[in-house]
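I will go through a few parts of it in turn.

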Amino acid sequence: MRQYIFTLIVLILTGLTVQAQKQDELKLLSSSHIITGKNGNVVFYRPVYEHVGSTLSSDSGYLHNDKLGRQFFEAYGNVIITQPDGTQIFSNKLHYEAAMQLATLTGAVRMVSTSGSILTTDHLVYNMRSKIGNYYSGGRILSGSDTITSQRATYFENTGESYFNQKVVVRSTNVKVYTDSMKYNANTRITDFYGPTNMKGNKGENLYTEKGRYHMATGQAYFSKKNLYTEGTKFLKGDSLFYDRQVGIGKAVKNVVFVDTLDKFYAYGGYGLYNGRNESITMTDKPLVVSVVKKDSTKKDSVSSFSPVQKKSEKELKKEAKELKKAEKEEQKDNGKSSKTEVVTDNKQKKDITENKNILSKDEKLKENSEMDSVFMTADTLFSQMIFRRDYIARDFKLNREGGAIEEDNEVDYGDKDSISSDLDSTNTLQQAADSLQKGIDSLHKNEIKKPIVGKEVKKITDSVTSNKQNTPKKQPVIVGDQNRIEIEKNLKADSVLRKKAIIPKGGESDKIMGAALKNAQEGKRDSLPQDTAKTRILKAYYNARLFKSDLQAVADSMYYGMQDSMFRLMGKPMMWAENSQISGDTIFLQVKNQKLDNSLLVGNAFMVNATSDSLKFNQIKGRKITSFFSNNRMERLFVDGNAENIFYNIDEKTNIATELVHDRSSRFKILMEDNKLKEYVSIRKVDGKVYPIAEVTADKEFLPNFTWRPEDRPKSKADLLNRKRDLSKSSFTAPTEKETEENGKMKSKPKNEKQVQEKKVEDTKTIKQDSTNIKTSTPSSKDSTQTSKKK
């Protein structure tokens, strides 16, 4: 019984093996004639074979078996393989292994799939069972308007995907791609990049990445490694980069850098949105704009104290102390000792002079090596755009360095109004535009793939790559002849030359290009490209705008800058600081000429405060407007107009102690400065003037109406600029409204929110927190100003 079962199993297995071998054998369907060779091989002319549903035909061919019994078919001339799904392969030669269904085709190989893709190469290895093909010596795939050529490729017929390696060049209607590693799906026209890649658009734009995806049909891209977008002189970089070619929008996320080398503009942030159509960039998430200007000619502040007696430098004070000490010694000691002391002192002075010369020479070398300075600006949102110069409305205040005519009281009030059109300055409009752009770019994340809308009048592009595409119906046989072979060989030769000349990125190009662009912008060098004189750049910073320069800082609700007239506009409770000076007004205008500060204009409630040497007293100037002019970044002259008032302290030169307070009222003050010191003070149409000995100065005399002192809002550094916003909810140190007496012993102030509150009595002043050196309490508000008192 066991022997019978064993014999039965052997017979079944033998039958299955014979049946499998019969299935693996090629079946001759037709042939014109047969010739038997000397070696016993039978040569068939114009044979047509069938194997596992596919047909194989050629001008001639023969079958042979190896020692293992495997069947092979060798075919020559006009080889055609037709698969059951309609895919056809053409070549000059064919080596076919029946058991593996493996076809090796050489000579003008052309594979036409049912999806419309056409693969051409000189050598193709194709598995008809798995429908996977490989070429290793150069080839191309044509899919619609996309032509891809490479040295090596693997093609998956079932999915329509292809993997390309070594010298990959993609040519499409709108873009050219250069890479070494790429995947392409012929059905979706989506490409995936796995190495350094350059994508060049027809308008000169270029996308670089080392890992990303691009949709050839919609023009949408998502890159995730070392990404860079360039367009002319503009560069946009980010850890993640989105791009929509149809709408011309690029979105960068995390570690974003934007540079325009033409106008020396560059910015950083956590999020950036670039619109190529209107040449605008919107940046958020701690954005930072950097502008290059010429360095100040002095380390001292450009805005100085306007007190008649300035604080002396430490060098001058030390010198005076030495002279006093020397005089005392001369009185106590005899002539011999005195002469000896003079010699020693003289030698020491010579040594000090030599050391000072060395220090100055080092400083001069530093100035020569770094003549440029940077202005840093940040806000919740930064928006910059290139606009036509004819659309830019420049502000011309017709400022006169001699002051001009004194305006009457019924003069036109400048107020907060700006002649700039509302569509330019409206932050709401900007926010809506940014939101709409963001919604458009976010469509990249959707899974649905929109079909491209092709216009009726699309121009045909003559290209040797696409000129031979045949829209042949599936059932109609493709005629393959000498002309087709010549054309394939011609294209393959052209592709070989193209790959040889193609510049394939090696990696790290984005860092090199962006580094060179930043260096160009930072050094202030002129770009090699011709400048577009028809356009100019504007910059808007809104919501918590802040500015930092080595010698100038500012804060405001919003800032506006136009490169055409190089003017900064600070709006919404603006305030500036320079050394010990604080400047405020309803609107502040700053103008730069030749990369140096030229003039400033404070309009509406103009106020300038300067802390004295002991930081307990303040020189003050107020008026309806204050105009300042600068020379070499130093204040040269100052005009105060409209109910001008001035409070300053006279300082004793020897003791450096305030001796008296001067309070002037006039139609105009004219102040001339030289080396940051008061040279001339003129009161024009003086109303009155009072001088108070310092012992008679009470709290109500120390401050002008609307006095405010907010050193805590001042940006201390670049890092502080980015990480801290001014807090307007806190009370500011303002002028007292009531005399402080021993009877009431109280201070009055108004909260910063300017709402009227009920008067509170201070029971325990020790419980009140001191902000900087100021103590604040609540008080009813006055009509003209917000006032608080300073505790002494």
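Predicted model: local features only at pLDDT ≥ 70, side-chain atom pairs only at ≥ 80, totals over all residues.

A charge sits over a ring if NZ of Lys or CZ of Arg is within 6 Å of the ring centre and within 35 degrees of the ring normal. Arg390 lies over the face of Phe388, with 4.3 Å to the ring centre. Lys535 also lies over the face of Phe388, at 5.1 Å from the ring centre.

Now the overall picture. The chain has 792 residues, and 47% of them are buried. It contains eight helices and 43 strands. Take the contacts between residues at least 6 apart in sequence: 53% of these join residues at least 24 apart.

Next, strand S36. It runs over residues 587-593, and six of its seven residues are buried. On one side of the bookkeeping there is strand S33, residues 567-571, which is antiparallel to S36 and joined to it by five bridges. Which residue of S36 is the bridge partner of Phe568? That is Leu590. S36 also pairs with strand S37, residues 596-611, again in the antiparallel sense, over seven bridges. One of the residue pairs here is Lys593 with Lys596, its bridge partner in S37. S36 and S37 form a hairpin with two residues between the strands, and there Asn594 takes a positive phi near 55 degrees.

Stay with Leu590, which is found in strand S36. Is Leu590 buried or exposed? Its relative accessible area is 7%, so Leu590 is buried, the cut-off for that being under 20%. Leaving out residues up to four places away in sequence, Leu590 touches Leu552, Ser566, Met567, Phe568, Met576, Leu597, Asn599 and Ser600. Leu602 is 12 residues from Leu590 along the chain, and their C-alpha atoms are separated by 8.8 Å.

On to a helix. H7 covers residues 509-523, which is 15 residues. From first C-alpha to last, H7 reaches 21 Å, close to the 21 Å expected at 1.5 Å a residue. Which residues of H7 are buried? They are Glu509, Ser510, Met514, Ala517, Leu518, Asn520 and Ala521. Seen down the axis of H7, these buried residues fall within an arc of 160 degrees, and therefore they line one face of the helix.

Last topic, aromatic rings. A pair of aromatic rings is described by the distance of the centres and the angle of the planes. The count for this model is 21 aromatic pairs. In one of them, Phe618 and Phe707 have ring centres 5.4 Å apart and planes at 55 degrees, so this pair is tilted. Phe618 is in strand S38, residues 618-631, while Phe707 is in the loop between strand S41 (677-693) and strand S42 (708-709), so the pair ties together parts that are 89 residues apart in sequence. Both Phe618 and Phe707 are buried.

Another pair is Phe648 and Tyr681. Their ring centres are 5.8 Å apart and their planes stand at 70 degrees, so this pair is edge-to-face. Phe648 lies in strand S39 (residues 634-651) and Tyr681 in strand S41, so the parts tied together are 33 residues apart in sequence. Phe648 is buried, with a relative accessible area of 6%, whereas Tyr681, at 25%, counts as partly exposed.

Finally, ring pairs link Tyr229, Tyr243, Phe258, Phe265 and Tyr274 into a cluster. That is where I stop.

Definitions and conventions:
Residues numbered from 1 in each chain as written. Heavy atoms only, no water. Buried < 20%, exposed > 50% of the residue type's maximum accessible area, 1.4 Å probe, protein only. Helix = DSSP H or I, 4+ residues; strand = E, 2+ residues; numbered from the N terminus. Pairing = 2+ DSSP bridges. Expected span 1.5 Å × (residues − 1). Arc of directions from axis to C-beta. Phe/Tyr/Trp six-rings, centres within 6.5 Å; stacked < 30°, edge-to-face > 60°. Contact = heavy atoms within 4.5 Å.
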